[in-house]
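Please consider the sequence and the model shown here together.

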Amino acid sequence: MFYREAGDFKTSYTEDNQTFPIKFDRYRYYAVLVFAFAVVPFVINDYWVNAVFLPFLIYAIAAIGLNILVGYCGQVSLGTGGFMAVGAYAVYKLMTSFPDVSMFIHVILAGVITAVVGVLFGLPSLRIKGFYLAVATLAAQFFLVWLFNRVPWFYNYSASGQISAPERTVLGVPITGAETAPWAAYLFCLVFVTVCAIIARNLTRGMAGRKWMAIRDMDIAAEIIGVNPLKAKLTAFAVSSFFVGISGALFFSVYLGAVEVGEVFGINKSFLVLFMVIIGGLGSIFGSFAGAAFLVLLPVLLKNTLVGGLGWPTDLAAHLEFIIVGALIIIFLIAEPHGLAQLWRVTKEKLRLWPFPH
Amino acid sequence: MKLKLATAAIAAVMAAGPALADLTFSALSYRTGPYAANGIPFADGYIDYFTLLNERDGGINGEKVNIVECETGYNTEKGVECYESTKGSGALVYQPLSTGITYQLIPKVTSDNIPLHSMGYGRTSAKNGKVFTNIFNYPANYWDGASHAVTHILDINGGDISGKKIALVYHNSAYGKEPIRTLEELAKKHGYELTLLPVDHPGQEQKSQWLQIRREKPDYVLMWGWGVMNQVAVQEAVNIRFPMENFIGIWWSGSENDVLPAGDGANGYKALTFHNLGSDYPFYADLKKYVVDTGKTAGAGDQLGTALYNRGMYAAMLAAEAAKTAQDMHGTTAITPAMMRDGMENLEMTEAKMAALGLPKFGPEFKVSCENHGGDGFGAVAQWDAAAKEWNLITDYFQSDQEILAPLIAEDSAAYAAENGITPGC
C-alpha cells in the first residue's frame, strides 16, 4: 500500500543508490532524526538520559564499530572492552592535559588514538584466523586492562587508580561533570551516533566495505581478485577501533563520569558488545542499533515493571531479569539466526507485497 | 515453589503499596552477583533497623520511614540507574556500599545537594568537608584502617617493628589501592618493609600470591578484600599454614562468610572493625519482638547478629540519628535532603545516645563538623573464634595515626579541588 517502490521514479544514479530508496522509509528516517534532534531534548530529564538514552546511544556506537570488524570483515574480536578503555583513558589524558580544548576534538582524538592501538593489535590477524584470532584479541583485552591498572601515568597518579571526568565544555556548554544538563549530554552523544552511523553506512556500501566483505566471505578468493588483505584487514581494525574508542570516551566522560578500568571495561563488556552485534544482526548498521536497544533497554524496562510496577523484591526481579533476557535471546536466535536486522528485513519484504502477498 | 513466589510477590506488593511515608531512605543494595554474600546481610540490617523504628516508634519523631530499595549488583552502570531512579523519590541519603559507585556519585550528589554517606569505604579524602560538602565517611575510613592495623602490630611488638616484613594482599581496584599510600608513609615512619600483592576481580585465583607469601615469609599479612576474595585468601592462608593471628583483614574482610568455609583453620584470624559485634544487646530484644516475630524481616531473616548485619544496622542507626539531628535543627519533622545534610554535619554520637538506643558501646564516640566529615578515626580489632563461631573484640577503640593521615587527606582533597575547580570553604 504505502511501502513500495512503485511510482517513486529515480532519475539519477545517486538517487537510485541512496540508503533509503523507498519514499516511505526515507521519510520515516527523516522523521526519526527530527524527533531525536528537535523533540527529545526538550522533554527528557536526568533519569531518561542517564538510564536510557546515554547507554543506548553509546553502546550503539560500540556495536557499529564491532559490527564493522566482525560483521563486515569477519574478524572475530573479543577486545572491545580493552579498546573502549583505550578511548576512555585517551580522552581522560587529553581533557586533563588540555582543559580549554572542546570536548568534540578530544573525543575524536581519543578515537584516533584507539584506531592506532587497534591496528597494532590487528596485525596478528594477517596470520591467524577465526577462533585463534579471538584468542589473540582476548590477549589485547587483558593486556590493556592490566596496563591501565599498572601504570600510574594513565590515571594521573591518583590514590585509588580511578579516573574521574572534570567539567569540560563544548561552545561553553558543560558536557561532562555533574553540572551537565540532560539535553546537552544527550545531544552530544546523538551527534556522534548520527555521524558514526552515516560514516559506517557509507563506508560499508563503498569500495572499502566491499573489500571487507570479500575478505569475510573468502579471503583467498578476495586476494586473487585483487583485494590486498593487509590493507583490508587493517583498515577494518582501524575504523572499528575508531568507533569503539569514541564510544569508550563517551562512556567514561559523558555517561559514567568516573571509571575503574577492571570493573567497567572488563571482559564482560567485550562479550556484551559482541552479543549486541550477534543479536542485532551481523553486517547491518540497523542491527547494531537494534542489538544495543535490546540489551540496554530491556533490562531497564523489566526492572521498572517488576520492581516499580509490581513491587517485587529487588533480588527476585534481578534474577528474573536474567532469566527473561536470556530466554528472549534464545527465542530470537532460534526464530531468526541472523538477528533482529533480518527480522526487520523480512518485515520490509512482506510490507512491500502487503496487502496482496501473491 | 510457584506458590511461594506468588505469596512473596503478593506480600511485597502489599508491603510496598501503603507506604505513604514521609522520610525516604534509599537502599542501593546488592543481593545478586559475585558480592551478594556480603551485600545481603548489610542490606537486611539496614532495612530491619528502619522497620523496627516504624513498628516500635512509628518512625523517626512520628514520621514514618519509607525504604526504596534498588539492586545494583555492585555494578557501576546499574548504580547510576539506581541513583537516577530513586533520586526523584526524595531519598534523604545515599549509602551505595561500593567504592566504585561512590566515586561516581560524588559529583552528582554534590550538584543535586543530597548527602552521601560512605561508611568505612569510598573516597578517603572526603573526610575534608571543606572540599566535599555533601560526602561523609564517618566514623572511620580506609586510611584509618591501614593505620589501625599497623598500630595493632606495633602494640603486639612493644612499639618497634623496624625491619619487619608486612605484605598487603589487595583487591586490584580503587578500593584495594586506597591503603597503599598510607602504608608506604607509615613504613617510612616505623621502618617496616612493605610488599604489595594485587589480586584481580573477583579474586578466586590467588595461588601465586600466596606462593609468594610462603616464599618471602612476611611477618604480617594485611588484606583489603571483598566478596569471594576473602574466603579464598583465608583458605589459602590456612593451606600454607600461615599463622592466622598475624593475618589482619580490613573491616570488609571480617564477616562470618569469610572465615566459616576455612573451618577450624581460620581460628585466630583478625579483622578490624569500627562497630561492635554479636547480638548481645537490649536492642536485639526489641528487634525480635517487633520485627522477627511479626515476620517483617528483610530478605530471608537469617542474617541477624552477623558482622555485616550489624554494620548495616549501624549505618541505619547513624542515618536515623542524623535525621533526628536535622529535625531538631530545622524545627520540622518532614526534612529534605539538604536539611539531612546539615543533620549529618552536626551529628554527635555519644555513649549515652547509643545506650538509650539499646546499643551500648556499639560504636566509637565521635562528632562531625563542617571541616571534618570523617569522625575521629577510632577502630578496634576483632578476632575470630572458630570453636564458638563468633567474632570477639580484642582491643578497645583506638585512634589512627592522625599525624600521618591529616597531611595525606589535605593533599588528596586539594588535588580534587584543583581538578574540579572547587573553592574549599566552610
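According to UniProt, in an unreviewed entry, residues 27-386 of chain B carry the annotation "domain: Leucine-binding protein"; UniProt positions are given in the numbering used here, feature names are shortened, and annotations may be inferred rather than shown by experiment. The model is predicted: local features need pLDDT of at least 70, side-chain atom pairs count only at pLDDT 80 or more, and totals for chains, interfaces and linings use all residues. Residues are numbered from 1 along each chain as its sequence is written, while chains are lettered from A and ligands numbered from 1 in the order in which they are written. Within residues 27-386 of chain B, 43% of the chain is helix and 14% is strand, and 32 Å separates the end C-alpha atoms. Helices (H or I, at least four residues) and strands (E, at least two) are DSSP runs, numbered from the N terminus.

Because twelve of its 14 residues are buried, H4(B) is largely enclosed by the rest of the structure. A residue is buried if 20 or more other C-beta atoms lie within 10 Å of its own, exposed if 12 or fewer, and partly exposed in between, with C-beta atoms placed from the backbone. Among the buried residues of H4(B) are B:Ile101, B:Tyr103, B:Leu105, B:Pro107 and B:Lys108. After H4(B) comes B:Asn113, with a positive phi near 55°.

In helix H7 of chain B (residues 180-190), the buried residues are B:Ile180, B:Thr182, B:Leu183, B:Leu186 and B:His190. These residues lie on the same side of H7(B), because they cover an arc of only 155° around the axis; the arc is that of the directions from the helix axis to the C-beta atoms. Their cover includes helix H5 (142-156), strand E5 (165-171), helix H6 (174-177), strand E6 (193-199) and helix H15 (402-420) of chain B. B:Gly191, which follows H7(B), has a positive phi near 75°.

Most residues other than glycine have a negative phi, and most peptide bonds are trans. B:Asn61, in the loop between helix H2 (36-57) and strand E2 (65-71) of chain B, has a positive phi near 50°. B:Asn61 counts as partly exposed, because it has 15 C-beta neighbours inside 10 Å. B:Tyr74 also has a positive phi, of about 60°, and is placed in the loop between E2 and helix H3 (76-87) of chain B. B:Tyr74 is buried, because 28 other C-beta atoms lie within 10 Å.

The peptide bond joining B:Tyr138 and B:Pro139 is cis, with omega about 0°. B:Pro139 lies in the loop between strand E4 (135-136) and H5 of chain B, and is buried, with 25 other C-beta atoms within 10 Å. Which residues are in contact with B:Pro139, leaving aside its neighbours within four places in sequence? They are B:Phe274, B:Gly363, B:Pro364, B:Phe366, B:Gly375 and B:Phe378; two residues are in contact if their C-beta atoms, placed from the backbone, lie within 7 Å. The C-alpha atoms of B:Pro139 and B:His373 are 8.7 Å apart, although 234 residues separate them along the chain. In chain A, the bond from A:Trp354 to A:Pro355 is cis, with omega near 0°, and A:Pro355 is in the segment after helix H15 (340-353) of chain A.

B:Met313, in helix H12 (residues 307-330) of chain B, is buried, with 29 other C-beta atoms within 10 Å. Leaving aside neighbours within four places in sequence, B:Met313 is in contact with B:Gly45, B:Asp48 and B:Tyr49. B:Met313 and B:Asp48 are 265 residues apart in sequence, yet 7.4 Å apart in space, C-alpha to C-alpha.

Between the chains, 34 residues of chain A are in contact with 39 residues of chain B. The largest share of the side of chain A that touches chain B, six residues, comes from H14(A).
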